[in-house]
Amino acid sequence: MTTKFTTDHEWVRMEADGTATVGITAHAQDALGDVVFVELPATGRSYAQKDTAGVVESVKAAADVFMPIAGEVVAVNEALVADPSLANSDPQGAGWFFRVRPGDAAQFEALLDQSAYDRLLKDA
């Protein structure tokens, strides 16, 4: 499985079944602080790349979650809705936000790999 990153601090992991799992990075959750609420997109809805697909709220701020690649939402993480702190405790595991059926594989390939994302953080 390959994970890529956006400059807006979302991660995207391609799964074996062809779907892509999306969440916020450890850097994003650290900057936000304690996450207290998430609003996830509707299953079955299609989004263009960079559309606002959800919201994450913390004790410090609220931030939009952007669609890193175009596609149709096929699943949302109901456990995250019930326990938003999963975004803090396991942002790239149990704290995933939603899964999409990608519309354009080239968009995924164009995202940042781990080393490029690490450079982005270092240069920030």
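Colleague: Is K4 buried or exposed, going by its relative accessibility?

Modeller: Please keep in mind that this is a predicted model. Burial is read from relative accessible area, where under 20% means buried and over 50% means exposed. K4 has a relative accessibility of 10%, so K4 counts as buried.

Colleague: With which side chain does K4 meet in a salt bridge?

Modeller: As a general idea, side chains of opposite charge can pair when their charged atoms come close. Here the side chain of K4 meets that of E109 in a salt bridge, with 3.9 Å from N to O. Because E109 belongs to helix 4 (residues 105-109) and K4 to strand 1 (residues 3-5), the pair ties together parts that lie 105 residues apart in sequence.

Colleague: How many salt bridges does a search of the whole structure find?

Modeller: The search finds 3. One of them joins E72 to R101, whose closest N and O atoms are 3.3 Å apart. That pair links distant parts of the chain, since E72 sits in strand 8 (residues 71-76) and R101 in strand 9 (residues 98-102), 29 residues apart. Another joins R13 and E15, at 2.8 Å between the closest N and O atoms, and both of these residues are buried.

Colleague: What is the order of the strands in the open sheet of 3 strands?

Modeller: The order is 4-6-7, and the pairing is antiparallel. Strand 4 (35-39) and strand 7 (62-66) stand at the edges with a single partner strand each, so one side of each has no neighbour in the sheet.

How values were computed
Residues numbered from 1 in each chain as written. Predicted model: local features only at pLDDT ≥ 70, side-chain atom pairs only at ≥ 80, totals over all residues. Heavy atoms only, no water. Pairing = 2+ DSSP bridges. Helix = DSSP H or I, 4+ residues; strand = E, 2+ residues; numbered from the N terminus. Salt bridge = Lys/Arg side-chain N within 4 Å of Asp/Glu carboxyl O. Buried < 20%, exposed > 50% of the residue type's maximum accessible area, 1.4 Å probe, protein only.
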